[in-house]
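Please keep the sequence and the model in view while going through the numbered points.

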Amino acid sequence: MLQTGRRCFSVLARCQPIATSSARAYSTEKAQKMEKKEIFELDGRQYTPDALYNLSPAVRRLLDRRILQETSNPLNLLKRRVVDYVHQTYRKPGNRSPLFTICESEPRVVTTYQNFDSLLTPEDHVSRRPSDTYYVNREHCLRAHTSAHQHTLMKQGLDVFLVIGDVYRRDEVDRTHYPCFHQIEGVRLYTRDELLGKKSDASENAAELFTVTRDASRIPEKQETHSLDAVKAAEIQLKQFLESLCDELFGRDADKRWVDAYFPFTHPSWELEVFYNGQWLEVLGCGIMEQKLLESAGVTDKIGWAFGIGLERIAMVLYGIPDIRLFWSKDTGFLSQFAGKQPGEDVKYKQISAHPQVIFDISFFLPDSTEFNDMTSDVYDTIRTIGGELVEQVKLTDEFENKKKAKKSQTYRIVYRSHEKALTKEEVNVIHKQIEQSLSTTYGVVLR
Ligand code: PHE
């Protein structure tokens with residue numbers, strides 16, 4: 001499977017011992033076993049671990065962080081960009097409402113049926129190994145891809161949807177691989193008329209979704225039961241959807257290419273690669289959905305396409321983020337670069353220093369009859385002039401006006417950090433004092 005990259009409202013990911021309080025003290029072996037038995041709880045559901053359980057404490061901690069929901073995380077920014085684009089571009093007839101249903105609160109523990117069998121993953125496929133997948137017990141695992149929700153959502157009656165979320169794989173760990181990453185899955189099912197046009201149309205299109213010949217076999221171009229016309233029409237729709245999404249993200253000038261691929265749940269299948277920084281990057285996998293998967297979900301009169309996009313890959317390229325671990329950073333030097341940005345804005349990440357931050361506040365009364373806004377620009381300029389490269393962030397953290405006394409006051413937080421060395425409080429204090437001094441002599445602020 002390709003390493004390509006949600007929202008649950010209950011943030012429960014704990015291992016809790018089952019309460020075994022018992023009035024009578026059983027000292028039997030059975031009772032001791034009971035004591036040790038734990039339940040695993042995630043997203044408001046409980047599971048009983050067995051011998052297959054292989055979630056490390058580190059992965060449990062990752063489950064607790066919902067970085068896709070953190071508005072200052074670049075992955076959240078990218079997610080909103082994709083969703084906004086899809087909602088604007090694809091509307092229901094009449095244009096009043098978006099075509100795609102967004103599913104971002106699916107439970108992250110899925111059954112092995114959902115993660116593998118429903119998707120026709122062969123019994124001996126590598127992805128099923130406990131060395132590749134995080135198992136809670138024999139029947140449950142952490143979803144390894146958002147495709148794990150395809151079957152359930154189709155069965156619930158959805159025809160056109162995006163599934164967004166964090167997925168988990170026991171992978172190698174390097175600059176581009178991490179046990180948790182994020183994906184957006186897209187599925188679109190079509191009726192005959194939706195895909196090929198109404199028969200009553202002037203052109204009188206006689207094509208059908210399925211072949212009439214019983215003995216039709218699987219060929220590189222199509223599955224057994226599909227008509228070549230329908231598959232070609234769906235392929236065009238799928239590729240158009242993904243190419244224009246890529247244009248939206250990378251710009252029209254970026255080179256892209258389609259490469260044949262294999263997935264157990266699509267045929268034919270492709271990957272889309274984008275040329276970036278001198279190399280071809282695989283950004284998504286897709287294909288015409290296996291009809292057997294649709295049938296098992298109770299869909300008999302439609303055919304569909306599906307794709308899966310890896311969010312980290314794209315965000316690394318788009319925002320110039322050099323290492324996948326940075327998405328998990330709590331360093332405000334990283335997060336502040338994405339906070340408050342609009343999904344459509346161009347943001348380029350500037351490498352933050354590895355040295356620690358030193359944080360100082362500055363509070364003062366404004367000179368009479370000075371507006372808050374005017375003061376702010378002067379303060380930023382002064383801090384930059386004096387602090388130079390040592391200032392990483394400046395933020396207005398408090399502002400109030402005492403109407404009776406006609407006094408306005410502001411507080412700024414300055415984060416100092418050097419690229420060269422760890423700064424001491426003492427040396428930062430010298431600079432900080434200079435800033436205070438300059439503000440008071442140049443602008444007449446009164447330090448508090
Ligand atoms: N689930 C696949 C992966 O994680 C991507 C994919 C989704 C491929 C949908 C085809 C269709 O690698």
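1. Helices (H or I, at least four residues) and strands (E, at least two) are DSSP runs, numbered from the N terminus. The expected span of a helix is 1.5 Å times one less than its number of residues. The model is predicted: local features need pLDDT of at least 70, side-chain atom pairs count only at pLDDT 80 or more, and totals for chains, interfaces and linings use all residues. Residues are numbered from 1 along each chain as its sequence is written, and side-chain values use heavy atoms, with hydrogens and water left out.

2. The protein chain contains 12 helices and 17 strands. Of its 448 residues, 48% count as buried, that is, under 20% relative accessible area, with exposed over 50% and partly exposed in between (1.4 Å probe, protein chains only).

3. Helix 3 covers residues 74–89 and has 16 residues. From its first C-alpha to its last it reaches 23 Å, close to the 22 Å expected at 1.5 Å a residue. At its start, a side-chain oxygen of N73 comes to within 3.0 Å of the backbone nitrogen of L75.

4. Which residues of helix 3 are buried? They are P74, L75, N76, L77, L78, K79, R81, V82, V83, Y85 and V86. The elements that cover these buried residues include strand 8 (160–168), strand 9 (180–190) and helix 7 (228–250); here contact means heavy atoms within 4.5 Å.

5. Strand 2 (residues 38–42) is mostly covered, as four of its five residues are buried. Three bridges join strand 2 to strand 3 (residues 45–47), and the two run antiparallel; strands pair if DSSP finds at least two bridges between them. The bridge partner of L42 in strand 3 is R45. Two residues lie between the strands of this hairpin, where D43 takes a positive phi near 55 degrees.

6. An open sheet of three strands has the order 5-7-6, with antiparallel pairing. Why is one side of strand 5 and of strand 6 left without a neighbour in the sheet? Strand 5 (109–111) and strand 6 (135–137) stand at the edges and each has a single partner strand, so one side of each has no neighbour there. The twist averages 35 degrees from one strand to the next, with axes being lines fitted to C-alpha atoms and angles running from 0 to 180 degrees between N-to-C directions.

7. Within that sheet, strand 5 is joined by three bridges to strand 7 (residues 140–142), and they run antiparallel. V109 has L142 as its bridge partner in strand 7.

Terms used:
Polar contact = N/O pair within 3.5 Å; in protein donor to acceptor, adjacent residues only side chain to side chain.
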